[in-house]
Amino acid sequence: MKQLLNAFIAIAVISVILYVSINQLNSSQGYSSGNTLTIYNWGDYVDPELIDRFEKETGIKVIYQTFDSNEAMMTKISQGGTTFDVAMPSEYAISKMKEDGLLIPLDHSKLPNLKNIDARFMDLSFDPGNQYSIPYFWGTVGIVYNPDMVKGKKITSWNDLWDPEMKNKILLADGAREVMGMGLNSLGYSLNDTNEAHLQEAKAKLNTLTPNVKAIVGDEIKMLLANEEAAAGVVWSGDASEIMGENEKLDYVVPEEGSNLWFDNMVIPKTAANREGAHQFINFMLEPDVAAQNAEYVGYSTPNKEALAILPEEISGDERFYPDAETTEKLEVYDNLGKKMLAHYNELFLEFKMHRK
């Protein structure tokens with residue numbers, strides 16, 4: 001028993017020494033919590049030059065870590081092992097993170113550049129009053145298509161995908177909300193509809209699309225469309241921009257019935273050790289010249305109205321990626337429908353995929 005107690009004491013002493021040593025080492029390298037900032041973001045989703053500029057302007061050392069899905073990000077933050085100071089979740093994840101107590105409220109008095117965000121993108125259903133989140137990038141769900149492969153037809157509607165001429169020519173993103181939303185929007189319903197009759201009607205209509213669907217795929221949809229393996233695909237606008245950069249023949253349209261308006265957002269997780277620095281970084285990213293440079297690097301749409309005046313006209317004037325107010329009024333963010341309804345959406349989507357077989 002005495003030997004066990006001595007071993008326990010020895011381990012405790014060693015742990016304390018290691019803890020102190022690591023803290024001293026981190027401090028000597030500039031890594032104390034007061035002058036470091038750990039950012040958790042999607043891969044290649046910020047211009048590295050801006051990170052360098054932020055470090056030089058503030059003296060804060062940035063540690064940049066990446067995730068590949070909202071689910072992976074939420075799991076890591078909920079575990080609490082790493083002190084992430086800023087994260088960039090999508091809008092649907094924010095509702096879940098708020099429910100689970102994973103976010104801290106933002107101090108708007110420390111974000112004077114918040115005035116630069118377009119009012120259309122503020123105070124939305126997933127975060128009323130922007131208490132917890134600030135828009136980072138935004139986009140839509142729509143249709144990428146190859147005019148040469150659809151005989152010069154101009155696609156404007158979801159219902160154009162049901163054209164018999166499109167047989168075995170369409171790729172769909174592998175997402176329940178996206179595909180069910182397309183079916184609902186094509187019937188004039190909200191993509192957040194929970195009316196069972198409307199949901200069944202949408203699934204029945206999707207079943208009739210089956211002859212035209214070549215495949216339901218994940219990230220490979222970008223390569224397949226760029227390589228002209230299909231005539232059209234339902235994709236996110238960010239992917240559309242990347243695809244069109246690979247193949248200039250392709251075009252992108254937000255269907256006239258309406259679609260999804262998505263956001264990636266800046267938040268401060270409950271794990272934050274440098275909340276002051278987190279506010280500094282968010283405010284920095286809202287500077288017009290910073291937001292413009294970042295939008296050019298990433299290729300996604302900025303919600304910063306002052307940055308639009310700085311961006312080249314070929315970017316800011318492209319209504320496929322910066323649609324006018326009339327179009328955006330028809331767009332909807334995904335509401336948090338609750339676990340039961342989301343499971344039902346997934347079930348209906350799975351039934352549609354099984355119907356194809």
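**Close-up views of a predicted model**

**View 1. The side chain of N185 reaches the backbone oxygen of Y189 at 3.0 Å.** This is a polar contact (a pair of N or O atoms within 3.5 Å, one able to donate a hydrogen and the other to accept it; residues adjacent in sequence count only if both atoms are side-chain atoms). The model is predicted: local features need pLDDT of at least 70 and side-chain atom pairs pLDDT 80 or more, while totals for chains, interfaces and linings use all residues. Residues are numbered from 1 along each chain as its sequence is written, and side-chain values use heavy atoms, without hydrogens and water. N185 lies in helix α5 (residues 176-186); helices (H or I, at least four residues) and strands (E, at least two) are DSSP runs numbered from the N terminus. N185 is buried at 4% relative accessibility (buried means under 20% relative accessible area, with a 1.4 Å probe and protein chains only). Beyond four places in sequence, its contacts (heavy atoms within 4.5 Å) include W158, E257 and E332.

**View 2. Helix α9 (residues 275-285) is largely enclosed by the rest of the structure, because eight of its eleven residues are buried.** Among them are H279, F281 and F284. The elements covering these buried residues include β1 (36-42), β4 (134-145) and α10 (288-298).

**View 3. Three strands form an open sheet in the order β2-β1-β3, with parallel pairing.** The edge strands, β2 (61-67) and β3, each pair on one side only. Strands pair if DSSP finds at least two bridges between them; β1 and β3 are joined by two bridges. I39 stands opposite V86 in β3.

Methods
Buried < 20%, exposed > 50% of the residue type's maximum accessible area, 1.4 Å probe, protein only.
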